[in-house]
Structures are given as structure tokens and as C-alpha cells.
Amino acid sequence: RRKLRTDVAAAFPTLSAEQLTELIPNKEELNVIKIYSHKGEAVTVYMNNRNPILFEIEKALYPTVYTLWVYPDLLPAFSTWPPVLQKLAGGADLMLPGVVMPSSGLPQVERGTLCAVTLLGNRAPVAVAVATMSTAEMLAAGMKGKGFAVLHTYMDQLWKYGDKSYPPTLAPLVTDPAEKEGAADEDEMKEKEPVVSFSTDPLQHVDVGDMSLKERERCAVLLGKEEPGEDRPAESPEGASTEVQQAAEDSRTPQEQMDALFNQCFFHALKCKVKKSDLPLLTSTFLRSHMFSCCPAGQQLDIKKSSYKKFSKFLQRMQHQKILQVKELNKGVESIVEVDWKHPDVKAFAVPEGFSSASAAQDSKGEDREQAYHAPEIIPLYGVSTKMIPLFQETGHRKGSILSSSEVRNIIINYVKTNELVDETNKNFVKVNAILCDCLLEKSEQDEISKLKWDDLLSRCLERLQPLHQVTLFGQEPVVRKGNMEPIDITIAQRSSNKKVTIIKNLELYGLDPQCVANILQQKVQASATITPVPGTKDRVQVQIQGNQIHHLAKMLLEEYQLPRKYIQGLEKAPKLGRKK
């Protein structure tokens, strides 16, 4: 404990003796645990009062967001826009175009300086990162390129080790005289306006990461004790007349109206569309096949226009209210596994007029399912492997750093030009120095090859990096997975009496509900279709349909669902269209 306090004092000299004792108390229990990141790095975590306060990687100490919320000025802080937080929590580094330029100028840091990342309007840090260039270099680069390598964020797995509390709201420090005047004016306005307090109950909490300050206040009002669908100003007295309430209803912002529409369609879908036998149900299927069909004529659901921004956040709120339960049955694919149909909010919901015809809604259900599907966005990524560290460490990357193909290309090109490795006699070739030789050449090639073509250089580099990919399903947050994206696998199997069946796997990875696909195929080809578990797996299922139905599958997946051909495996097994025997 004494050694740890000495190490912390050396790493963070701005901490006073009292603050050090507060951070690492003498008598309270201090737990030390060792965990391994998805990159394979060993991380030592120091826990105090059930919260991780520090973590150590390769003998370097870093504070967690829990510590930075107590000491927000411990590290130089750079501010970013609230929507960027989701990208950072998903594993992305902070790029310079995402950094907000304050009127007082950026903090002066050097390359390798440990920094905090905050959201605009709140001084509470949400990420810990290392600067990949100095402030002068950032400005010289025109605020373009990667600025910070992110180590830890609010909402990541390390944060989940603690009590999962939310960032406090800390007012930004005002240094500019003009800003001080504006802050004084704002304080005067606050005195005149009624104060809206935020609920500390986590069950009522909505993630404010993507909201402006005004939207947060509005959100605080919506999270009061009102029933879903009611939107009344916070200052309305309990005995307000119906005229005042009606005026408040008419004056709702477009965002509030979209929130109310999502609430209405959500409860309508639970009450009239979803059955217990449908569970578990993919969240993407619930949105496009059930909620969309409950949307009134002339209106359209758009999660981006609501205060939630992400459908997963909307479902989180409903889960906090114990209306339903969402689980990640497959990695990165969420499903609704349980619904409380006896919940007071579900029982109290009245179906709007114009939806009395259940059969008409059922008829349009299949059309909604087909037309509303959005193909996922799939981005190939690359992780820096141990062997490739010497080639990438000059740009501030370490083992496991995640890069896009364009970032890899730019780093290699800059490395070649900086080290003057372009061949003078033929600029299509690059001279192989010691680092390129160790990283890119096999042992048998090292004595023979002294030059490489540009294309060969880049392809060899990509081959030696660890393959990853990022998948963004409709209405969900991006998920980064190891390896290449598994394709939808279509195979033909032989059954008894020489009968053939078509088997389709991995539909869930692309946001497709296997049961829905089976139902649609069954209607189209008039053949029996079933859902069976994938042999050797725990939660995966496959669609099995009689006959060789690859032609129909290809038309549905490629034309109707607009999935790229490269992500579908087995289309070549379609029956050849020849003369009938």
C-alpha cells in the first residue's frame, strides 16, 4: 500500500498528501485483481469501495473514470461532442476532428501525455487516453488525424467492474471574461427559472451521452412520475387545468413527439403483436416487424430524431422499468427474452383508433418485415500484432491498436517517405530496411529481397496484422469482433429417400431473424421450413428447408435484403437450369 501510494504520487504529482490518503486509504480494504484485455494484455486493477480506482499496464499507472470524477482536474482535459462517446466506448480512438476547440485554446501537452476526455458542457471525464502528438503538432496538422489513443472509457468492461454509476454533471471552468459574463447571465436565468433535478435512481436513468444540455433538462422532465405518453412541463402544478395540459401537449418539440411515438408503438406492439411463443425475439426484428406496423398512418418512426438516438438505449430504459428483459444471446446481437405483460404500463395502454383490424395488420406484417430490413454496415479492421509493433510504434500505436485499412496505408506510406525508402531508380519500388525486413519478410526471403513493390508491401502488411471487423446493425451500437466477418453459410444436405434440404446458418449475425426468414421462404417456395440448433453450439440456430432452394435464397438475400454477395457463402450450389428429365 505504501509503495502504491509512492507510485501514484510520482505518476500524478498534482495530488496533495490528503488526496493521496483519500484515494488510497490506510485502513479501508484495497483489493488487487488481475484481468486480461481482449488484446491479451495483463492489466492489474486496484479496487476501493467496490470501484476500480487505478489500473496498471506494463508498470504504468492510469486512473479510472471513477477516480477522475472525484479529481476531474488530475489530467489535462480535451473536450469532444457527446455522440463521439459511443464510438470511443466501442473501441475507437479519438480523432482530432472530434476535438472541440475552446476559446481559450487547447491544453499544452506533449506526445505520450496522459489526458482525460470530457463531453462538451460537462467537466466530468468519460475516457482516459494518451496523446499521439503534441498540441503544436495537432495544430500544425490542421486538427486532422488521430489525436489520442484511448485506453479506458465510461461504459467499457473496466467501468462495469464498479458500481456502474453515471458521470456527475460538473460545470466547465470559465476562464475567458466573455464566457464569465455569459455564465453570470445564465446563473441569473437559472434563478428565475424553476430548477429541474435529475433522478439518482438508475432504473429511471437515460444515458445523457448523446444529448445536449437542453435535451438533458427535457429528459429529466420526461423521466418524472408521469405515465408514458404524457408530456407536461415540470413547473405545472398537480391541479393544472386540462387547457394548460393541452397547450403543453401542442407545444411539444419534434424530439418529444418522436419519444411519445416510440412509447406508443412499443406498448402497442407488446400488447397486440408479440406472443410468448415469439421469444426470444431479435431486437431488430421487434423494431421493424412489430413496432413499424403499429405506427399510425402518415407518421414514421426514426430513432435518430428521438432523445435516445439508439434503439438499444430505448430498450434499456424499458428494461430499467422492468417491462422486458434484453440479453445478448449471440455476441453483438441482442434479443428480447422476457416480457412482463402484467406490467401496469402495458395493461393501461389503450390501442389507438384505426388499429382494430388485427387481420389487416397481420397481412402487412410480412411486407414490413421484408421492406424495412436494413443491411448491416460491415467495416474490416486490423489490429497491430506483436511482430508488427516496430513498424507502428513511431505513430503511437501499440499491440492491439485497431486501425482501418486506409489508416494502415497512410501509416506505411508516411513511414516509407520519412525514412526515405523510395527507390531512386524506380519509384514503384520501396527499399527494405531492417524493420521492414523483420516485419514483412520470411526468413528464407531476408537474404534475397532488398526491394518490394508498393502493392506487395501493403498487402504483406495487411496479411500480418490481426483481422477484425466492426458490425453496425440497424438501431444498435457498433460492435467490434475478432477475425473476419462470418458469411451466411448455405449448404445442401442429403436426407433419406435421396431428398435434399437447404441449410442456412449465421443469419443472426446480419440482424436477420431465422424464424422470420423460415416463414418467408416457406410461403415463397411452398415447402416445409424448420428451425434447428446448430450442432456443437449453445445458442445458435439454423434454418432448414426442403429441396434445393438456393435460387430463391439468392434472390431474397441479394435483391430484397441488399446483402453484399461476398458475405454469402454457397450460392454456387444452386441447381443448374437445364432440360427437365
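Strand β10 pairs with strand β12 (residues 333-339) in the antiparallel sense, over two bridges. This is a predicted model. Within the pair, L281 has I336 of β12 as its bridge partner. Helix α12 (residues 311-320) packs on the sheet here and touches β11 and β12. The direction of α12 makes about 130 degrees with that of β11.

The sheet itself is open and has three strands, in the order β10-β12-β11, with antiparallel pairing. Why is one side of β10 and of β11 left without a neighbour in the sheet? β10 (281-282) and β11 (324-330) stand at the edges and have a single partner strand each, so one side of each has no neighbour there.

**Helices α11 and α12**

Helix α12 also has a helical partner. Helix α11 (residues 283-291) packs against α12 at an angle of about 90 degrees, and the axes are 11 Å apart. The two helices are therefore roughly perpendicular. Which residues meet in this contact? From α11 come T283, F286, L287 and M291. From α12 come F311, F314 and L315. By class, the contact has six nonpolar residues, one polar residue and no charged residue.

**The five-strand sheet**

Another open sheet holds five strands, in the order β21-β22-β20-β19-β23, and its pairing is mixed. The edge positions belong to β21 (529-533) and β23 (568-569). Each of these has a single partner strand, so one of its sides lacks a neighbour in the sheet.

Inside this sheet, β20 (residues 500-505) and β22 (residues 541-546) run antiparallel and are joined by four bridges. I504 stands opposite V543 of β22. Two helices are in contact with the sheet. Helix α20 (residues 550-560) packs on it, touching β19 (488-494), β20 and β23. The direction of α20 makes about 170 degrees with that of β19. Helix α19 (residues 514-525) lies across β20, β21 and β22, and runs at about 10 degrees to β22.

**Further strand pairs**

Strand β13 (residues 377-383) has two antiparallel pairings to note. Seven bridges join β13 to β17 (residues 466-472). Three bridges join β13 to β14 (residues 402-404). In the pairing with β17, L381 has L468 as its bridge partner. In the pairing with β14, G383 has I402.

Strands β1 (residues 30-36) and β2 (residues 42-48) also run antiparallel, joined by seven bridges. K34 stands opposite T44 of β2. The two strands form a hairpin, with five residues between them. In that turn, G40 has a positive phi of about 95 degrees.

| Strand pair | Bridges |
|---|---|
| β10 and β12 | two bridges |
| β1 and β2 | seven bridges |
| β20 and β22 | four bridges |
| β13 and β17 | seven bridges |
| β13 and β14 | three bridges |

As background, strands of a sheet pair through backbone hydrogen bonds, in a parallel or an antiparallel sense.

Two loop residues come up here. M143 is not a glycine, yet its phi is positive, near 55 degrees. M143 lies in the loop between α5 (135-140) and β9 (146-153). Is M143 buried or exposed? Its relative accessibility is 14%. Buried means under 20%, so M143 counts as buried.

K164 is not a glycine either, and it has a positive phi of about 60 degrees. K164 sits in the loop between α6 (157-160) and α7 (177-192). Its relative accessibility is 44%, so K164 counts as partly exposed.

**The chain as a whole**

How many helices and strands are in the chain? The chain has 20 helices and 23 strands. It has 581 residues, and buried residues make up 46% of them. Among contacts with a separation of 6 or more, 59% come from residues 24 or more positions apart. The accessible surface of the chain comes to about 31300 Å². Carbon and sulfur atoms account for 50% of that surface.

Methods:
Residues are numbered from 1 along each chain as its sequence is written. This is a predicted model: local features need pLDDT of at least 70, side-chain atom pairs count only at pLDDT 80 or more; totals for chains, interfaces and linings use all residues. Side-chain values use heavy atoms; hydrogens and water are left out. Buried means under 20% relative accessible area, exposed over 50%, partly exposed in between (1.4 Å probe, protein chains only). Contact means heavy atoms within 4.5 Å. Accessible areas come from the Shrake-Rupley method with a 1.4 Å probe; for residues, only the protein chains shown count as cover. Two strands pair if DSSP finds at least two bridges between them. Axes are lines fitted to C-alpha atoms, for helices over the stretch in contact, and angles run from 0 to 180 degrees between N-to-C directions. Angles under 35 degrees count as roughly parallel, over 145 as roughly antiparallel, 65 to 115 as roughly perpendicular and the rest as oblique. Ala, Val, Leu, Ile, Met, Phe, Trp, Tyr, Cys and Pro count as nonpolar, Asp, Glu, Lys and Arg as charged, and the others, Gly among them, as polar.
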